[in-house]
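Here is a short note for someone opening this entry for the first time. Please read it with the model on screen.

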Amino acid sequence: MSQSHKIQGGNSVMMRLSLACEMAKRDVFARYKGSVVGLAWSFFYPVLMLAVYTFVFGVIFRSRWSGTQSTQNGEGLTGEFALILFSGLVVYGFFSECLNKAPGLISANAQFVKKVVFPLEVLPLSTALAALFHMLVSLVVLLIAMLILKGNIPVTAVAFPLVMLPLLFATLGLTWLFCALGVYLRDLSQIMPLATTMLLFLSPVFYPITAVPESFQRVVKLNPITGVMDGVRDTLIFGIWPDFGLLFWQVLPGLLLMFVGLAVFQYLRRGFADVL
């Protein structure tokens, strides 16, 4: 490959990434268009939800997460369960937002399908970037709450981006995959919300993996977000560094799924115009 082709290819990737960022920005602002406080809702919503979780689980139910030091000592931090729960929902929210939007994404943007020069693969990417923005806002809320309730943020929190990498790659691949399949299988738009809701209760969001009977733990561990969710809690809440060797082997399937999803999308996009 000549140097000029390499430069052109690099520019093409950067142009697609720039376009995806602009479309993600448009989607984020469009969600809050017409509201009184506008984009500030992206911050207020997770704040209000965390306040509700803290009150319900920390004050009313006084729930404890089995296996934590406070539980073992017979003590408990008000809102600790809410922080652990919210950290899991931060991960789940990103994953579910992308998958729920994926099947109807091409149909909702049918005007781009017949534009030969428009890179359709940017649509799922922009959706993932918009979901990533909301996840980062929720993460900021979580860190502020930890400072208020616990008085500190563990230094292991810097490993959060690394722990999230496997899920970021896998989610992007699944978004490309279901986005393409959704053009041909319209029922996916109805099935996906049900599937992600089931996934919520099959994930260790409301309970630790140790609370699941051993005979069913394998099923829960097959969940693509289980390992990431445990890693996020370890780094953000419990102050435990991730196993970087294990993390490396978790990233590889995520990367594979991302490339497979993109390849399937590029193959199936040839028939989008005929179906729509």
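1. The chain has 12 helices and 0 strands. Helices (H or I, at least four residues) and strands (E, at least two) are DSSP runs, numbered from the N terminus. Along the sequence the pattern reads α-α-α-α-α-α-α-α-α-α-α-α.

2. A caution on the source. This is a predicted model, where local features need pLDDT of at least 70 and side-chain atom pairs count only at pLDDT 80 or more, while totals for chains, interfaces and linings use all residues. Residues are numbered from 1 along each chain as its sequence is written, and side-chain values use heavy atoms, with hydrogens and water left out.

3. Overall size. The C-alpha trace spans about 65 × 45 × 40 Å along its principal axes.

4. Of the 276 residues, 44% are buried. Buried means under 20% relative accessible area, exposed over 50%, partly exposed in between (1.4 Å probe, protein chains only). Take the contacts (heavy atoms within 4.5 Å) between residues at least 6 apart in sequence: 80% of them join residues at least 24 apart.

5. Helix α8 covers residues 188–201, 14 residues in total. From first C-alpha to last it reaches 20 Å, close to the 20 Å expected at 1.5 Å a residue. The expected span is 1.5 Å times one less than the number of residues.

6. Which residues of α8 are buried? They are Leu188, Met192, Thr196, Leu199 and Leu200. These residues cover an arc of only 115° around the axis, so they sit on the same side of α8. The arc is that of the directions from the helix axis to the C-beta atoms. An α-helix has 3.6 residues a turn, so residues three or four places apart point the same way.

7. The face turned away from the buried side carries the exposed residues Gln190, Leu194 and Phe201.

8. Ser42 is buried, at a relative accessible area of 7%. A polar atom of its side chain lies 2.7 Å from the backbone oxygen of Leu39. Leaving aside neighbours within four places in sequence, Ser42 is in contact with Tyr32, Phe133, His134 and Val137.

Notes
Polar contact = N/O pair within 3.5 Å; in protein donor to acceptor, adjacent residues only side chain to side chain.
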